[in-house]
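Hello,

Here is the structure I promised to pass on to you. Have a look at it first, and then read my notes below.

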Amino acid sequence: MQRRIIRALLRCLSGLALVAAGLYGAGEPGPSPRSVLIFSGHMANPTNGPDTRGAASFKGRLEYEFNDAITALLAQPSNQIPGVTYELVPATSNMSLKARVAYANQRQPGLYLEIHHDSAQPDDLAKARSEGVGSERWLQMRGFSVHYSERSARARQSETFAGLLGTEMIVRGGVPNLYHADREGMRCTDRKRAIYDRIPPHGLFVLYQIKSPCVVLECGTLANPQEEIELSTVERQRLIVAAINQAIQKFFGSTE
Ligand SMILES: [Zn+2]
């Protein structure tokens, strides 16, 4: 079970990567308290170690493409909160997991956010797939989740932002992902908003290492056939972006 979970984590949540080439909006020297550094999860062309292209969707598309769709929207100035400095790093910039952490700690943003999309355990996926798109098993493998860690340097602020983001996702029709708690045994601190505290054995490298308040958002579950269709639409992507922005605005308002 534990090896299975570790493999799943490597596949999705810890393949957290990026590099300097292709940054959106970089250039100003940090730190800035009203700044957010947003990384698209995974790498378009990983070369080694835990870096991957992320989870596969029901139809076989790769996660990093979905993550980049969200960061591309957030890179548009019209989609940014006035007075907040955004720096967006797409997966196509191919920054490794270690490089991502080093870069974030050099930039010292007021908030670090990483964008991901979710999957499930291979055996559960195989059973659901064998039963077809109408299988009730998909009801256990769906939804969004928000991840912070009590092991983070800024655990309290990270938890605060996670709560704000979870609320904004729910407000916009998001379904909380409880699979990680009920099937994988992760520590869920708020089932209504799908907030998870990533502590051993489910720790995340970036959440342990980054010194700024830091959160990972799983926007939804790509492995679920119906949800993949929804997550592929600009309408759903814009709702996710709106949730992120509203949470950012409230977070910086609360920390002024
Ligand atoms: Zn991922």
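Please keep in mind that this is a predicted model.

Strand E3 (residues 109–118) runs parallel to E7 and is joined to it by 6 bridges. Within that pairing, Tyr-112 has Cys-214 as its bridge partner. Strand E4 (residues 145–148) also pairs with E7, but here the two run antiparallel, with 3 bridges between them. There you will find His-147 opposite Val-216.

Next, have a look at helix H5, residues 155–171. From first C-alpha to last, its 17 residues reach 24 Å, close to the 24 Å expected at 1.5 Å a residue. The rest of the structure largely encloses H5, because 12 of its 17 residues are buried. Among them are Phe-161, Leu-164, Leu-165 and Met-169, and also Glu-159 and Glu-168. After the helix comes Gly-173, which has a positive phi near 90°.

Is Asp-68 buried or exposed? It counts as buried, because it has 22 C-beta neighbours inside 10 Å, and the cut-off is 20 or more. Leaving aside neighbours within four places in sequence, Asp-68 is in contact with Ser-40, Pro-90, Ala-91 and Thr-92. Gly-41 lies 27 residues from Asp-68 in sequence, while their C-alpha atoms are 8.0 Å apart in space.

Enjoy exploring!

Best wishes

Definitions and conventions:
Residues numbered from 1 in each chain as written. Predicted model: local features only at pLDDT ≥ 70, side-chain atom pairs only at ≥ 80, totals over all residues. Pairing = 2+ DSSP bridges. Helix = DSSP H or I, 4+ residues; strand = E, 2+ residues; numbered from the N terminus. Expected span 1.5 Å × (residues − 1). Contact = placed C-beta atoms within 7 Å.
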